[in-house]
Amino acid sequence: MKTPLLRFTSVGLLALGLLAGCTTTVHMQSLAPAAVTMPSNMQRIATASRVLPESGRDKFFDVLEGIFTSEGLQVDRAGTETCALSVGEALMRNSPRFRVTPANLQLVGRTREFFLPPLAPGYVRQVCAETQVDGLVVLEAFDSDMQVTQRQEERVIKEKDKPDRKVAVTVAMMEMRLVTGFRTYGPDGTVVDQAKQEDRMHWTSEGPTYQDALRQLPPPADCIRELATRIGDQYARRIAPSYVNLAREVYTSTRKDAYMQQAKQMVNATDWTQAAGAWQKAAQSSDSKVAGRAYYNLAVFEELNNRLPEAIEYARKAAYTHQLRAANGYLRELQQRQQAELVAAEQLPGASAD
């Protein structure tokens, strides 16, 4: 599935892959604006978890839940630790917005209530002062459920010089569901964002019996860590502009046009400047299809170099002058990206100084 292009800002070429047919796919990274803009004076942050049973009663219900869902006694703990850590790791890895302290704080809380009252502003300011940060990203609620189901299926076994035969197998499917609550506290100690998130993942395996299939499934603790990492990354992207992967296609063959053929060899060698020169010549072709594809490719070239106005102008020529259908959608994407860049720039105050 292709990622929507609405929030992308190109920062450079990463890789090149060839597809069958007359196009080549270019892979790059882009910077997507956050869903929520953080205060400009919030530059340094620490992550924390507030999910910690306070009483024996809370601990009892955690154990009881683990028994009935087959999660095991340490699965939720593994998930909470991973979820809190993954937010900070994602911010450090994928975003230039914050400086993240390596400390992962443990604050007193409970697991049975979804979203405790917010931390007192004075307490948050105290923790921030002690940690030398401007704000906290806190995991404040965490709940997981795991279900394992089974079904019977048949597999066809093919053997040389023998007729095909069918064998019965048991397919086991494990679903892990995770619901989390995050709050972000700003420099004054008040809540600047709050979000409840839900996600789920599935794992399947099979074997001659149900027990054999179960043994092929990954350990629940590994599954909850994988899901917790993903949901932590999602929250990081909510509060900070983050790098994402993006793919574009360029045309490398058009009715055996000589300049397009030359450009194809240059693209294969990742010599984009020379390829752009060949596309400039192909764009003067009397064949409108050739010219349209050349202009389209020039738009991609300009986008790779982060020159969106020029990319938009070439895409317009491909779409309007030469009626290239694919250019209509690409033009809209470029225009939307241009608007998104303005949002991203506003969300990165002082980023160049970090």
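## Basis of the description

Helices (H or I, at least four residues) and strands (E, at least two) are DSSP runs, numbered from the N terminus. The model is predicted, so local features need pLDDT of at least 70 and side-chain atom pairs count only at pLDDT 80 or more, while totals for chains, interfaces and linings use all residues. Residues are numbered from 1 along each chain as its sequence is written, and side-chain values use heavy atoms, with hydrogens and water left out.

Helix 5 (residues 220–239) holds both Arg237 and Asp233, which are four residues apart, about one turn of the helix. Their side chains form a salt bridge at 2.8 Å, N to O (a side-chain nitrogen of Lys or Arg within 4 Å of a carboxyl oxygen of Asp or Glu). Asp233 is buried at 16% relative accessibility, whereas Arg237, at 27%, is partly exposed; buried means under 20% relative accessible area, exposed over 50%, and partly exposed in between, with a 1.4 Å probe and protein chains only.

Glu140 and Arg50 are joined by a salt bridge of 2.7 Å, N to O. Because Glu140 belongs to strand 5 (residues 135–157) and Arg50 to the loop between strand 3 (44–49) and helix 1 (56–69), this pair ties together parts that are 90 residues apart in sequence. Both residues, Glu140 and Arg50, are buried.

## Other salt bridges

Glu153 and Arg151 also form a salt bridge, at 2.5 Å, N to O; Glu153 is partly exposed at 23% relative accessibility, and Arg151 is partly exposed at 40%. A network of salt bridges links Asp145, Glu175, Arg177, Glu198 and Arg200. Over the whole structure, the search finds 25 salt bridges.
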